[in-house]
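Please look over the sequence and the 3D structure shown here before reading the briefing that follows. The notes begin with a single residue and then widen to the whole chain.

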Amino acid sequence: MENYVKGETREVDEASPFSALDDNVVEMRVSAGSKIRNIMGYAIKRMKEPDIKQITWNGSGHAVNKTISCAEIMKRKVKGLHQMTKIRFRRIEEYWEPKMEGLERLKVNRDIPAVSILLSKEPLDTSQPGYQAPGSHDAAWLDRPQEKKGTKQKSGGPPAGNSGQKRKRKLKKDKPDNHNAKNTERKLDTSASSAAS
């Protein structure tokens, strides 16, 4: 690739992964540099408007985690939202221009993971893969057994509370400082050799 220089980069336009979207749908595009606080302030304000029934969250590459976080925060702030999640790849075409004559222009296709999440105040098609009913985020925790307070901890784990930090500090205080001990020995050797001269 030393004979080529990167030229134009183009995103391939794709149709929305969701069918039957409202006319008033709010489309949120999340990038890796987006501030969640700023995005959420706007999105929640819009979602509370009576004529807005749906919002989509879209992100790709390094923004996938942030996109999911925004959708989860929205579900906690605005109760009763139906969710549809679609995972796909977004295609980016890169064109490389030759530096030397006789070489052809190269086209490189890159497929980047992407996620699109539709949140709706109105019910969605439950037969579609990726559907989550309102309140289903708590269902995963219902089957998990609850730990009782005061039970013994399993062996191998860190102690509860801050006692682990206190123990580390105590060990550091009790442990002699090898660096200072060596410096003291060097000073003694230097003063003994000076006295002998």
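Lys-79 counts as exposed, at 64% relative accessibility, where exposed means over 50% relative accessible area, buried means under 20%, and partly exposed is in between, as judged with a 1.4 Å probe and protein chains only. This is a predicted model, in which local features need pLDDT of at least 70 and side-chain atom pairs count only at pLDDT 80 or more, while totals for chains, interfaces and linings use all residues. Residues are numbered from 1 along each chain as its sequence is written, and side-chain values use heavy atoms, with hydrogens and water left out.

**The surroundings of Lys-79**

- Lys-79 is found in the loop between H2 and S4; helices (H or I, at least four residues) and strands (E, at least two) are DSSP runs that are numbered from the N terminus.
- A polar atom of the Lys-79 side chain lies 3.3 Å from the backbone oxygen of Arg-76.
- Although Lys-79 and Pro-134 are 55 residues apart along the chain, their C-alpha atoms are separated by 7.5 Å.

**The chain as a whole**

- The chain contains five helices and six strands, and their order along the sequence is β-β-α-β-α-β-β-β-α-α-α.
- Of the 197 residues of the chain, 25% count as buried.
- The chain exposes about 14900 Å², of which carbon and sulfur atoms supply 51%; such areas come from the Shrake-Rupley method with a 1.4 Å probe, and for residues only the protein chains shown count as cover.
- Among contacts (heavy atoms within 4.5 Å) between residues at least 6 apart in sequence, 77% join residues at least 24 apart.

**The nonpolar core**

- The largest nonpolar core has 21 residues, and those with the most contacts inside it are Met-28, Ile-55, Trp-57, Met-74 and Leu-119; such a core is a set of buried Ala, Val, Leu, Ile, Met, Phe, Trp, Tyr and Cys residues joined through side-chain atoms within 4.5 Å.
- Two or more residues of this core come from each of strand S2 (26–30), helix H1 (36–47), strand S3 (54–60), helix H2 (64–77) and strand S5 (106–120), and the largest share, five residues, comes from H1.
- Leaving aside its neighbours within four places in sequence, Ile-55 is in contact with several residues, including Val-25, Met-28, Ala-43, Met-74 and Leu-119.

**Salt bridges**

- A search of the whole structure finds 12 salt bridges, each of them a side-chain nitrogen of Lys or Arg within 4 Å of a carboxyl oxygen of Asp or Glu.
- The side chains of Glu-11 and Arg-90 form one of these, at 3.5 Å from N to O; Glu-11 lies in strand S1 (residues 4–11) and Arg-90 in strand S4 (residues 82–98), so the pair ties together parts that are 79 residues apart in sequence.
- Within that pair, Glu-11 counts as partly exposed at 36% relative accessibility, whereas Arg-90 counts as buried at 17%.
- Another salt bridge joins the side chains of Arg-88 and Glu-14 at 3.6 Å from N to O, and this pair links distant parts of the chain, with Arg-88 in strand S4 and Glu-14 in the loop between S1 and S2, 74 residues apart.
- Arg-88 is partly exposed, with a relative accessible area of 23%, and Glu-14 is also partly exposed, at 43% relative accessibility.
- Salt bridges that share partners join Glu-8, Arg-10, Glu-97 and Arg-105 into one network, and within it the side chains of Arg-10 and Glu-8 meet at 3.0 Å from N to O.

How values were computed. A polar contact is a pair of N or O atoms within 3.5 Å; within protein, one must be able to donate a hydrogen and the other to accept it, and residues adjacent in sequence count only if both atoms are side-chain atoms.
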